[in-house]
Amino acid sequence: MAEFVTCADLSALKAGESKVVEVEGRTLALFNVGGTVYCLDNTCLHRGGPLGEGTLEGDIVTCPWHGWQYNVRTGESLKDPSVRVATYPVRVEGRNIQVSIGG
Ligand code: FES
């Protein structure tokens with residue numbers, strides 16, 4: 001069973017906000033969409049921009065570097081759904097946001 005690791009406190013990620021976290025050596029982006037937290041790899045597939053520092057509108061994040069957009073629920077690029085950032089399972093235990101990066 002996949003192991004979940006606590007990476008942030010829910011109070012630090014309000015609805016509509018995003019955040020960059022480190023989990024076991026990986027840099028990930030958390031997004032709070034209406035109270036549900038999603039996790040993507042932080043690295044934009046264009047040129048490596050930090051998605052967790054992008055602009056979140058609804059469930060769409062816009063990369064801060066050149067504007068590529070991704071659906072944070074699926075990781076898919078809006079322009080080309082065959083381009084997909086990795087997503088990771090998230091759960092909230094009490095106030096703890098936990099992510100699983102295992103298989
Ligand atoms: S690095 Fe993200 S749009 Fe260019």
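Biologist: Why is Ala2 called partly exposed?

Modeller: Its relative accessible area is 28%. Buried means under 20% relative accessible area, exposed over 50%, and partly exposed in between (1.4 Å probe, protein chains only). The 28% of Ala2 therefore falls in the partly exposed class. This is a predicted model, in which local features need pLDDT of at least 70 and side-chain atom pairs count only at pLDDT 80 or more, while totals for chains, interfaces and linings use all residues. Residues are numbered from 1 along each chain as its sequence is written, and side-chain values use heavy atoms, with hydrogens and water left out.

Biologist: How many helices and strands are in the protein, and what makes a run count as one?

Modeller: The protein has zero helices and 10 strands. Both are DSSP runs, numbered from the N terminus: helices are H or I with at least four residues, strands are E with at least two.

Biologist: What makes the protein as compact as a globular protein of that length?

Modeller: The radius of gyration, taken over C-alpha atoms, is set against the globule rule, 2.2 Å times the number of residues to the power 0.38. For 103 residues the rule gives 13 Å, and the protein has a radius of gyration of 13 Å, so it is as compact as a globular protein of that length. Along the principal axes, the C-alpha atoms fill a box of roughly 35 × 25 × 20 Å. Of the 103 residues, 39% count as buried.

Biologist: Why is β4 said to be largely enclosed by the rest of the structure?

Modeller: Because five of its six residues are buried.

Biologist: How do you know that β3 and β4 pair?

Modeller: Two strands pair if DSSP finds at least two bridges between them. Strand β3 (residues 26-33) and β4 have six bridges, in the antiparallel sense, so the pair meets the criterion. Asn32 stands opposite Val37 in β4. The hairpin of β3 and β4 has two residues between the strands, and Gly34 there takes a positive phi near 55°.

Biologist: What makes β4 and β8 a pair?

Modeller: Two bridges join β4 to strand β8 (residues 87-88), and the strands run antiparallel. Within β8, Tyr88 is the bridge partner of Cys39.

Biologist: Why is Asn42 called buried, and what does Asn42 touch?

Modeller: Asn42 has 7% relative accessibility and so counts as buried. Its place is in the loop between β4 (36-41) and β5 (55-57). Leaving aside residues up to four places away in sequence, Asn42 touches residues including Val20, Leu28 and Pro50, where contact means heavy atoms within 4.5 Å.

Biologist: Why is Glu24 called exposed, and what is its phi?

Modeller: Glu24 has a relative accessible area of 58%, so the residue is exposed. Its phi is near 50°, a positive value in a residue other than glycine. Most residues other than glycine have a negative phi. Glu24 is in the turn of the hairpin that β2 and β3 form, with two residues between them. Six bridges join these antiparallel strands, and Ser18 stands opposite Phe31 in β3.
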